[in-house]
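Please look over the structure below, and keep it in view while you read.

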Amino acid sequence: MTARTLFDKIWDAHVVERMGDGTCVLYIDRHLVHEVTSPQAFEGLRAAGRGVRRVDATIAVVDHNIPTDVDRLNGINEPESALQIATLERNVAEFGVPYFPVADARQGIVHVIGPEQGISLPGMTIVCGDSHTSTHGAMGALAFGIGTSEVEHVLATQTLLQKPAKNMLMRVDGVLPPGCSAKDIILAIIGKIGTAGGTGHVIEYAGEAIRALDMAGRMTVCNMSIEAGARAGLIAPDEVTFAYIKGRPFAPKGPDFEKAVEYWSSLPSDAGAVYDKTVVLDAAEIVPQVSWGTSPEAVVPITGVVPDPAAEADEGKRAQLVRMLEYMGLQAGEKLAGLPVDVVFIGSCTNSRIEDLRSAARVAHGRHVADGVRALVVPGSGLVKRQAEEEGLDKVFLEAGFEWREAGCSMCLGMNPDKLTPGQRCASTSNRNFEGRQGPWGRTHLLSPAMAAAAAVTGVLTDVRELA
Amino acid sequence: MEKFGVLNATAAPLNLANVDTDKIIPARFLKTIKRSGLGVHLFAGLRYEDNGAENPEFVLNQQKYRKAEILVAGENFGCGSSREHAPWALLDFGIKCVIAPSFADIFHGNCFKNGILPIVLPAAICEQLMADAAMGTNAKITVDLERQVVVRPDGTEIAFEVDAFRKHCLLNGLDDIGLTLEHAAAIDAYEASQPGWQPAISGV
């Protein structure tokens, strides 16, 4: 039999029917639903008199526009957000979809709760109306974001019409230096291959530095696959994966777990499997990363400077670079280290797991947020928040002057009350630095949780290695 | 979904690379439970000043492009968020076709679901079309999906590639769900063949 990649194996196992032109009816094992991209899909079902084919493969939660203060349990002030959340609640009740309401400790960011609950498992196809669905690829699942028409399609048919993607191998060799994390790996990758580097491909991350990551780190890497243009990122399941899954609420139990592990163990790419594209990176050369522009590929080591647009030959790209500098209020050649920040955001589906909070707390411990800086810590789920409190991390953050908030997408995308005001500069552990992403005219610098905490306590972009 | 016939229209030039879907429609406008009415927010960050007034420099605010139905754009158009609000906003404004050297995958797929034709052409040809578009209403571009050609104002024809299945759906305004449900028996059979250890999400 031909040697196959992890992606090929998952794909082949989910083809219901292959049509003449190569388009496949692809079976979907898990569908995660949230309030922003689902209302029009449920409306479409209602208009066509269709139901949800498999409610037992579907889970809904509110995350994008839910406020992150405790008052949210008493109702939501913003009428449009309140309507969108009420609409989701009406839809899940009407169609019988399982749902974690805001008062449930299991509520949280959809890409945090899937793995946390054992809902996202190796070998599965997982979709959600959100591009960061790529996160779940860390489990060894084929997970990708879809639009609302496809959300409706999956609700109605439990399938999608798709053509297979190409295979890309991203091998990260060596050992990551101290002060660097999974976030620095993925930012360095995006800086290297660009925001369109993975277009048309599914990226399989492999190599010593990837294998050494815990599950949270693997999720951070896969999360930002979309920022490299790929629809999905994958990491082969191994003992670290199985240990993470065992005992989670919706994971297989007892003999079923053993059968599952046996199947999951067959998934890693075969020796000799062929990739359409291979990129190799040496982890030892990675330096803590920070973005300077309004595209995730506009990233440099914290020791670096803002690049000069004049060096760009392509007119469209040069125009984009000039606009980035203007928008970000930066000059070519300016050093990133030492740039004052107004806000620090630690959270998002990229970096809001317990491991991320521990990493930020290590830097915050015994220090204090700089004068004039607002610093937020937003756990990815109610359960992450609970665990952090059991470990005393909330006290570390509160004593250091950080805000300790309820779970949600928060300041990642400016859809809820947590947003930047025009001109504010933010050190953020989220995934996108697009214009206006964190609020109109807000300026975002993407970095790791440890780097964000370092910026909070110094008030400027800082090389976390200097705080050790 | 509306059928895509032959389009003869003004094209607006937007010579920026990596235009993301947050730029096409910022997240603060996604708090809607409808598909319609988003055109007014299209490119909000570029199109409006801080005080809400129109930015007169932005291409779609110029008189000659207010009724543009084609957008000629830079590479990697539509990257970022999967929000289908991006094609909904374009369509609500009146854009039915986007031509660019490359598109991000999810946006590209979302266009077809909404009757918008995304056309990939080499960068050099996009530059020519960008120059044509700069002539405004004096130079209409024709997009003929059936024949798979873009016709420049001077009559030059440029062939483009399009997935045969997506072309068929666009030409006939077909709904994917209806087509997929023709495979219902195969989906039933697939489900019946799955191993018993696969857990269900129940008891929530």
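Just after helix 5 of chain A, the residue Gln158(A) takes a positive phi of about 60 degrees; helices here (H or I, at least four residues) and strands (E, at least two) are DSSP runs, numbered from the N terminus. Most residues other than glycine have a negative phi, and most peptide bonds are trans. What you are looking at is a predicted model, in which local features need pLDDT of at least 70 and side-chain atom pairs count only at pLDDT 80 or more, while totals for chains, interfaces and linings use all residues. Residues are numbered from 1 along each chain as its sequence is written, and chains are lettered from A and ligands numbered from 1 in the order in which they are written. The predictor gives the complex an ipTM of 0.93 and a pTM of 0.96. For chain B the mean pLDDT, which is the predictor's confidence in each residue, from 0 to 100, is 95, and 100% of the residues of this chain reach 70 or more.

Let us stay with helix 5 of chain A. Ten of its ten residues are buried, so this helix is largely enclosed by the rest of the structure; a residue is called buried if 20 or more other C-beta atoms lie within 10 Å of its own, exposed if 12 or fewer, and partly exposed in between, with the C-beta atoms placed from the backbone. Among these buried residues are Glu150(A), His153(A) and Leu155(A). Where does this helix matter for the contact between the chains? In total, 66 residues of chain A are in contact with 49 residues of chain B, where contact means that the C-beta atoms of two residues, placed from the backbone, lie within 7 Å. The largest share of the side of chain A that touches chain B, six residues, comes from helix 5 (residues 148–157) of chain A. The residues on that side of chain A divide into 26 nonpolar, 27 polar and 13 charged; here Ala, Val, Leu, Ile, Met, Phe, Trp, Tyr, Cys and Pro count as nonpolar, Asp, Glu, Lys and Arg as charged, and the others, Gly among them, as polar.

Eight of the eleven residues of helix 12 (residues 354–364) of chain A are buried, so helix 12 is largely enclosed by the rest of the structure, and the buried residues include Ile354(A), Leu357(A), Ala360(A) and Ala364(A). Their cover includes helix 8 (215–223), strand 15 (343–346), strand 16 (374–377), helix 13 (382–390), helix 14 (393–399) and helix 15 (449–458) of chain A. Just after helix 12 of chain A, Gly366(A) takes a positive phi of about 75 degrees.

If residues up to four places away in sequence are not counted, Ala456(A) touches Val344(A), Ala364(A), Val369(A), Ala370(A), Val373(A), Ala375(A) and Phe402(A).

Now turn to two loop residues of chain A. Ser410(A), in the loop between strand 17 (403–404) and strand 18 (425–428) of chain A, has a phi near 50 degrees, a positive value in a residue other than glycine, and Ser410(A) counts as buried because there are 32 C-beta neighbours inside 10 Å. Asp29(A) is found in the loop between strand 2 (24–27) and strand 3 (30–33) of chain A, and with 23 C-beta neighbours inside 10 Å Asp29(A) also counts as buried. Leaving out residues up to four places away in sequence, Asp29(A) touches Ala57(A), Met124(A), Thr125(A) and Ile126(A).

Chain B has eight helices and eight strands, and 46% of its 204 residues count as buried. In strand 2 of chain B, Ala11(B) and Pro13(B) point one way and Ala12(B) and Leu14(B) the other way, and all are buried. Strand 2 and strand 3 of chain B pair in the parallel sense over four bridges, pairing being counted if DSSP finds at least two bridges between two strands, and Leu14(B) has Ala73(B) of strand 3 as its bridge partner.

The buried residues of helix 5 (residues 123–133) of chain B are Cys126(B), Leu129(B), Met130(B), Asp132(B) and Ala133(B). Seen down the axis of this helix, they fall within an arc of 160 degrees, so they line one face of the helix; the arc is that of the directions from the helix axis to the C-beta atoms. Strand 2 (11–14) and strand 3 (70–73) of chain B are included in what covers these buried residues.
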